[in-house]
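Reader: I have a structure open and would like to go through it piece by piece. Can we start with what surrounds the ligands and then move on to the rest?

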Amino acid sequence: MINLYDLSRDQVESLLASWGQPRFRADQLYGWLYERRVDNFDAMTNLPKALRERLVAETVLGTLNLVTEQRSKDGTIKRLHKLHDGQLIEAVLMPYADHRRTACISSQAGCAFGCVFCATGQMGFARNLTATEIFEQAMFFARELQANGERLSNVVLMGMGEPFHNYDAVLEAIRRIMDDLGIGARHITVSTVGLVPQIRRFADEGLQVTLAISLHKATDEERSALLPVNKRWNLAELISVCHYYMETTGRRITFEWAAIAGENDTPIEAHKLGHLLKGLMCHVNIIPLNPTGGYAGQPADLDAIENFIDILSEYGISATVRVRRGIDIDAGCGQLKSNVINPKTIPMTS
Ligand code: SAH
Ligand code: SF4
């Protein structure tokens, strides 16, 4: 079966030409795929029945298979998709009151970086996703929203996996999200655990995509204990490439800080972070830890986080706490897959 979402516009044209179809049929089909974004061939009413039948017989509109879907009280939708080889990945849609609709998508099945508090890291690495598998996660949400008169407005690569460990496929997927889903680069965020060479490469791409970097700790010893990648590229190297990114792109960086009670939510930690980031154009996104089975840490409480934010502001650093979405359905960070594979109760805090 040919996956139509794998084909470029030229390839759609060649396919239909090889079936003896006139060129305008390819334009029509392309319009159904990426303008009307329908999810079935019957809806393609201006294509002749024989052509639709051949499309049904020989092609598919995407290869992701929905295994489970959960809906949170706050409207967050979390999906587990099975890939053609049985790998499981998750994708999340978060609706906001201001009409933003943000998809959080995965770049790999599993992850090789082993951050101790991350459910995906606790699973290990299975394989890279293809550009189409990454793109389709956003596409599936986009077409359903469109069928309801809504629009997917933002995409964040913060699901399972390390996007910069699958750099080429991620970049291709990002370009397709921009071109085929019409989502502006400024509405796309890619999050990395801190792969320094790829951050440099990304700076040179000339894209307006937001870069988020998972920091979580402000000294090497402590960061290495949580994020083993820090032993490969330490904070000095990371901060240095952040300066390069800032000078090359003129864009500010988002730093992610999973706030863990007693670990990195104290005033001392805030001062260390303030010193580390001084002079960088940046924003700190604080996410209270989602507890996972393999790590004993608990989320920081909001008073501690507010104090933390106040201290950062003394250093001229803006910071906000990200409201945790879909907490009742464990929509964060690889938790769905870990629940399906290894059912367990995850402590819930809100
Ligand atoms: N691999 C990339 C992107 C995926 S993880 C990265 O690490 O940046 C997206 C974000 O969720 C990262 O900032 C990651 O550190 C954070 N995260 C992972 N597990 C978490 C947990 N249990 N609670 C809170 N944040 C978590
Ligand atoms: Fe991988 Fe990111 Fe999880 Fe670390 S936090 S294990 S890099 S997905």
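**Ligands, domains and a salt bridge**

Author: In this predicted model, a polar side-chain atom of Glu162 lies 3.1 Å from a nitrogen atom of ligand 1.

Reader: What part of Phe117 lies 3.0 Å from a nitrogen atom of ligand 1?

Author: A backbone N or O atom of Phe117.

Reader: And Ser191, how far is its polar side-chain atom from an oxygen atom of ligand 1?

Author: The distance is 2.7 Å.

Reader: How many residues surround ligand 1, and which are the closest?

Author: There are 18 around ligand 1, and the closest are Gly161, Ser191, Ser214, His216 and Asn290.

Reader: OK, ligand 2. Which residues are around it?

Author: Around ligand 2 are Cys111, Phe113, Gly114, Cys115, Cys118, Gly121, Gly161, Glu162 and Val193. By class, that shell has five nonpolar residues, three polar and one charged. Glu162 is in the list for ligand 2, and a polar atom of the Glu162 side chain also lies 3.1 Å from a nitrogen atom of ligand 1.

Reader: Changing topic: how is the protein divided?

Author: Into domain 1, residues 2-60, and domain 2, residues 65-329. Their centres, taken over C-alpha atoms, are 35 Å apart. Eleven residues of domain 1 and twelve residues of domain 2 make the contact.

Reader: How much area do domain 1 and domain 2 bury between them?

Author: About 950 Å², with 44% of it on carbon and sulfur atoms. On the side of domain 1, Tyr5, Tyr34 and Arg37 lose the most area to domain 2, together 69% of what that side buries.

Reader: How many salt bridges and polar contacts are there between domain 1 and domain 2?

Author: Zero salt bridges are found across that interface. Polar contact links ten residue pairs between domain 1 and domain 2. Helix α2, residues 23-34, gives the most to the side of domain 1 that touches domain 2, with three residues.

Reader: What classes of residue are on that side of domain 1?

Author: Five nonpolar, one polar and five charged residues.

Reader: How many salt bridges does the structure hold?

Author: It holds 20 salt bridges. One salt bridge joins the side chains of Glu58 and Arg54, at 2.9 Å from N to O.

Reader: Why can side chains like that pair?

Author: Because side chains of opposite charge can pair when their charged atoms come close.

Reader: Where do Glu58 and Arg54 lie?

Author: Both lie in helix α3, residues 49-58, four residues apart, which is about one turn of the helix.

Note on methods: Residues are numbered from 1 along each chain as its sequence is written. Chains are lettered from A and ligands numbered from 1 in the order in which they are written. This is a predicted model: local features need pLDDT of at least 70, side-chain atom pairs count only at pLDDT 80 or more; totals for chains, interfaces and linings use all residues. Side-chain values use heavy atoms; hydrogens and water are left out. Domain bounds come from an automatic or database domain assignment. Contact means heavy atoms within 4.5 Å. Buried area is the accessible area (1.4 Å probe) that two parts lose on being put together, summed over both. A salt bridge is a side-chain nitrogen of Lys or Arg within 4 Å of a carboxyl oxygen of Asp or Glu. A polar contact is a pair of N or O atoms within 3.5 Å; within protein, one must be able to donate a hydrogen and the other to accept it, and residues adjacent in sequence count only if both atoms are side-chain atoms. Helices (H or I, at least four residues) and strands (E, at least two) are DSSP runs, numbered from the N terminus. Ala, Val, Leu, Ile, Met, Phe, Trp, Tyr, Cys and Pro count as nonpolar, Asp, Glu, Lys and Arg as charged, and the others, Gly among them, as polar. A residue is near a molecule or strand if one of its heavy atoms lies within 4 Å of it.
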